[in-house]
Amino acid sequence: LVFYWIDATILLVWQYIDPLKYKRRATETDLFGNILRSTGLCESDSAWYFIGLILAFHLGILAYGNYLAYKSSGFNSVINESKYVAVAMVSNLQVLALSIPVMFIVANDPSPNYFIRAGVVFLNDFGVLLFIFVPKLYIHYFNSQAVSPESLLNTKATNATKATSATKATSQAGGDITQ
């Protein structure tokens, strides 16, 4: 939620300081100066400053998420998703790295520009959904030894009860509980 508000604040400051304005330019004219073809874009004098700030912020979030996925990768658990989250984040990074140069190449041609942008959004979102939910669906439908959340909670409670009982028995016997 904090990241959302930081992103929204950057966009609101951009809108207040230097909002985007729609400008149309003639790309082709005839001999008499009549416009045959034109393109329209939203422009701002300081757009690249804000785009750079947003891009740096999102790359920072992506790097921080990868760091958290790496730190939690050592947990040995059935419900550990850090591997899939890390793969989804690397997928996002790959889509970003490949799409930026292509978007610059097709920036002045509206049809391929729209197609590339739509494809980037699809690949980015579909990749995340694929890497997060397909392993869960596979475990649910095809793995007979899958562990349900209820059994995990029961196992934790049982293990905690056993550990408490063992500690009490050791302390009552006069033994050292640090062994």
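These legends describe close-up views of one predicted model. Local features need pLDDT of at least 70 and side-chain atom pairs count only at pLDDT 80 or more, while totals for chains, interfaces and linings use all residues. Residues are numbered from 1 along each chain as its sequence is written, and side-chain values use heavy atoms, leaving out hydrogens and water.

**View 1. Helix 1 against helix 2.** Helix 1 covers residues 2–17. Helices (H or I, at least four residues) and strands (E, at least two) are DSSP runs numbered from the N terminus. The axes of helix 1 and helix 2 come within 10 Å and cross at roughly 175°. Axes are lines fitted to C-alpha atoms, for helices over the stretch in contact, with angles from 0 to 180 degrees between N-to-C directions. The pair is therefore roughly antiparallel (an angle over 145 degrees). In contact (heavy atoms within 4.5 Å), helix 1 brings residues including Phe3, Ile10 and Trp14, and helix 2 brings residues including Phe50, Phe57 and His58. By class, this contact has 14 nonpolar, one polar and one charged residues. Ala, Val, Leu, Ile, Met, Phe, Trp, Tyr, Cys and Pro count as nonpolar, Asp, Glu, Lys and Arg as charged, and the others, Gly among them, as polar.

**View 2. Helix 2 against helix 3.** Here the axes come within 8 Å and cross at roughly 155°. Helix 2 and helix 3 are therefore roughly antiparallel. Among the residues that meet are Trp48, Leu55 and Gly65 in helix 2 and Ala86, Asn92 and Phe104 in helix 3. This contact has 11 nonpolar, four polar and no charged residues.

**View 3. Helix 3 against helix 4.** The two axes come within 9 Å and cross at roughly 170°. Again, the helices are therefore roughly antiparallel. The class count is 14 nonpolar, five polar and one charged.

**View 4. The largest pocket.** The largest pocket holds about 1,400 Å³ of space. A pocket is an open set of points on a 1 Å grid over the protein atoms alone, where a 1.4 Å probe fits, with protein on both sides within 12 Å along at least five of seven lines. Its volume is the space filled by probe spheres set on the points, which are joined across faces, edges and corners. Of its 30 lining residues, Trp48, Ile51, Met103, Phe104 and Arg117 are closest to the centre; lining residues have an atom within 4 Å of a point. Strand 2 (35–43), helix 2 (47–71), helix 3 (82–105) and helix 4 (110–142) each supply at least two.

Key
Angles under 35 degrees count as roughly parallel, over 145 as roughly antiparallel, 65 to 115 as roughly perpendicular and the rest as oblique.
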